[in-house]
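Hi everyone, thanks for making the time.

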Amino acid sequence: MQSGFALLEAGSVRSKNVTNILIKNVCDSFICGVSYWLFGFAFAYGDGNQFIGHTYFAITDLPASRYGYFFFQFTFTATAATIVSGAMAERCEFMAYFSFSLIMTGFIYPLVTHWTWWPNGFLVQGMDYGGDIGRVGYRDFSGSGVVHTVGGMAAFVGAAILGPRIGRFDPETGAAVFIRGHSIPLSTLGGFILFFGFLTFNGASQMSLSKEGDGEAISLAIVNTMITATFASFTATFVYRIPTFGSGAWCITVASNGAITGMVASCAGCNVLYPWGSCALGIIAGILYHIWCWLVRSLRVDDPTDAVAMNLGGGTLGVIAVGLLDRNKGVICKWNRHSGLFLGWQLAGMFVIMAWTAFWSAISFGIMRWMKILRVPEDIELKGLDIPRHKEPGYPVESYGHGHVEKIIQILESTPMEVFQGYANMMIMPQELDDKGPYEHPEIEASRRNSVAMRDVHVDSVHRKSSVSIQNLYRRGSYEHPEWRPPFSHQLNHIITEVEENGSIDNSGFAKTRTKQGSISYEHGIPLENSDIKANMTYKGHSLYTIGENESYERHEDMETNKHTGSENNKHTGSENNKHTGSVTGISPATITKF
C-alpha cells in the first residue's frame, strides 16, 4: 500500500516536488512506527473503557502471540496517514506535515479503531434492543470508515485550511485551472500496486487462515473487491467520456482513480456482500467519484491526487453500502426493523468518525496556520520544494545526457562566442533569472498578477519576413507576442540570421538560410561597447548567459568606428548587401554575464 501511494502521488505532482512527496510517504511509515508503538496501539487495543485504551504502551506486556496483530494494525495506521499527504502536496511545509502525522497515527486514528474494532468499543457494541433484534452496532470489515473516511476527512480539512496551489483557481472567475502531474507512468504503476495491496488489505482482514470458513470468507472478500473495482473503473471512465461531465476522452487517470474509489468502497462489506451487490456498489462508486471531484473543486479546495474523492467519497459510500447490501441484515436484502436499525448505526458511526477527525484536524492545521508554519513561502512554492527544502531534486539535471550536449556546454563556458553546431532548443527569454538552480517554472503563472508565466520562445516560431524587438518583449513581459505563433514546442531548425544593434531579430532571410534541422551557427561576433539587447539565452530551461546588462541604445560613433558594422563592403555586416550571414553583431564581451 505504501509503495502504491508513493508512486501514485509522485506521478501526480510536478517534477520539482517529487522528492518532497516521496520523503513524506517514507516518513509516514517511520513516524507511525514510533508513535503507534509508543502510545497509538495502547489507545487503540489496550484494555480500558469504551472510549480509549490505556495498556500496552510501547507494547509492554503485549503477548508475543499478538505481535503479528500489532504489525498488521500498524500498516493500516500508516495508510490512513499517507492519504493526507497527497491532498496537501506541493505547498505544505515538511515539519508541519511531520507534526500532523504524529497526531494522526498516535491519537486521531487509534481512538477511532478503539471504538470500532476493539471488542468493547462503543460503536461496535452499539445497543441491545432485546427480543428478536438483539444487539445492533457499527460494522466495518476492512476500514472504509475506519481508515479511508478518517484519512479522507483529514485530507479535506488540511487542504482547505492550507489553501490551493498558486495558479490552481483563476483569481477573477474562480474557474479551476488544471495543473498536470509530471508522470502518468508513475501514477499508473502506483495504481496497479494499490490494486494488489487492496486485495491483501481486504483479504487479510479476516485475521485468520486456520478456522473453519476462513477460506471462503477470504475468497469472497477478494472477489468482491475485484468486482467493485472493475465496475467502478469502467463507470468512471465512461462517465468521463461524456462531454457534459468530462473531456470526452479515454483518461487513464480517471480509470485508475475510479478503480481505487471502488476498492475503498468495498472495504467495509467485502466479506458480507453478494457479488451482484459489489457490482452495483462499483457502478455507484464510479459515478460518485466524479461528483466528489466536482464538489471539491466547487469549494475551491485543491487536491492534486483526488485523495478526498477516492477516500472520503469511497469510504462513506462503503459504510452506507453495508447497511443496504449486507446479505444477512442489509435493508435491501432483508427489509425489516433490524436492518433499519443496522443502517442507522452505520450512518451514526460514519458521522461520529467524520466529526472526530474533522475537529482534531481543524485544531491541528488551524494552530499551524496561525503560527505561520503550515505553508511554504510563495517563492519556494514557485521554484519547487525539492531543492530549497531537501537539496535533492527528483531528477538531477547533471545526471542526464549522452556526452555530446555536455561538450557543447563546456565550449560555451570557455569561449561563449565560438561557432558551434547541433545546439538545439536555443531560447531567448524575455526576463532575467536570478537563481542558478535547475528549477522547473510552473506552467501556470502565479495568479496572473500583472504578468504572465515565462515560456520558452523558439526562433522557428517567428513568421518569416518579420522583425521582433527583444527589448519590446522584455518590457512587455509577454510570451505571446503578436508575431509569435503557438505552440512553442518545435525544434530549432533555422539559423539566427542577424541580431542588430537595436536589439531586434531580422529574420527576413530565414527562407534562404535554412540549415540542417537542429543546427545553429553563430559567426563573427563583433565587439561593441553598448547594446540594448536584453535577454537570457537558455538551453533546455537553464540560463547560460545574459546578453546586454545595460539598456542603452546603440551609439552611432561606435558604428562608424567599427570596421565590421555599417560597411557595405564587408560581407559579415548587417547591411543591405547581406542579410543572410548568420552573424551575431553588437555583442560586447563586457556585457556577457556568465551564470
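I'll go through a helix, then the cores, then the aromatic rings. Please keep in mind that this is a predicted model.

Let's begin at helix 1, which spans residues 2-12. How many of its residues are buried? The count is 8 of 11, so this helix is mostly covered, given that buried stands for under 20% relative accessible area. The buried ones are Gly4, Phe5, Ala6, Leu8, Glu9, Ala10, Gly11 and Ser12. And what do they pack against? Their partners are helix 2 (18-45), helix 3 (67-87), helix 7 (184-203), helix 9 (252-266) and helix 11 (307-325).

On to the cores. In soluble globular proteins, nonpolar side chains tend to be buried together. Here, the largest nonpolar core has 83 residues, and the members touching the most others are Met104 and Leu374. If we set aside neighbours within four places in sequence, Met104 is in contact with Ala80, Ala81, Val84, Tyr109, Pro110, Val150, Gly151 and Ala154. Another core, of 9 residues, lies apart from that one; Ala232, Leu273, Leu281 and Leu317 are among its members.

The model has 26 aromatic pairs. Take Phe41 and Tyr45: their ring centres are 5.5 Å apart and their planes sit at 40°, so we call the pair tilted. These two are 4 residues apart in helix 2, and therefore separated by about one helical turn. As a reminder, an α-helix has 3.6 residues a turn, so residues three or four places apart point the same way. Phe41 and Tyr45 are both buried.

Phe94 and Phe98 make another tilted pair, with 6.1 Å from centre to centre and 55° between the planes. They too are about one helical turn apart, because 4 residues separate them in helix 4 (residues 94-116). Phe98 comes out at 27%, so it is partly exposed.

Ring pairs also build a cluster, linking Phe51, Phe107, Trp115, Phe122, Trp356, Phe359 and Trp360.

Last, two charged side chains over rings. Arg327 lies over the face of Tyr274, 6.0 Å from the ring centre. Lys329 lies over the face of Phe342, at 4.7 Å from the ring centre.

Terms used:
Residues numbered from 1 in each chain as written. Predicted model: local features only at pLDDT ≥ 70, side-chain atom pairs only at ≥ 80, totals over all residues. Heavy atoms only, no water. Buried < 20%, exposed > 50% of the residue type's maximum accessible area, 1.4 Å probe, protein only. Contact = heavy atoms within 4.5 Å. Core = buried A, V, L, I, M, F, W, Y, C linked by side-chain atoms within 4.5 Å. Phe/Tyr/Trp six-rings, centres within 6.5 Å; stacked < 30°, edge-to-face > 60°. Lys NZ or Arg CZ within 6 Å of the ring centre and 35° of its normal.
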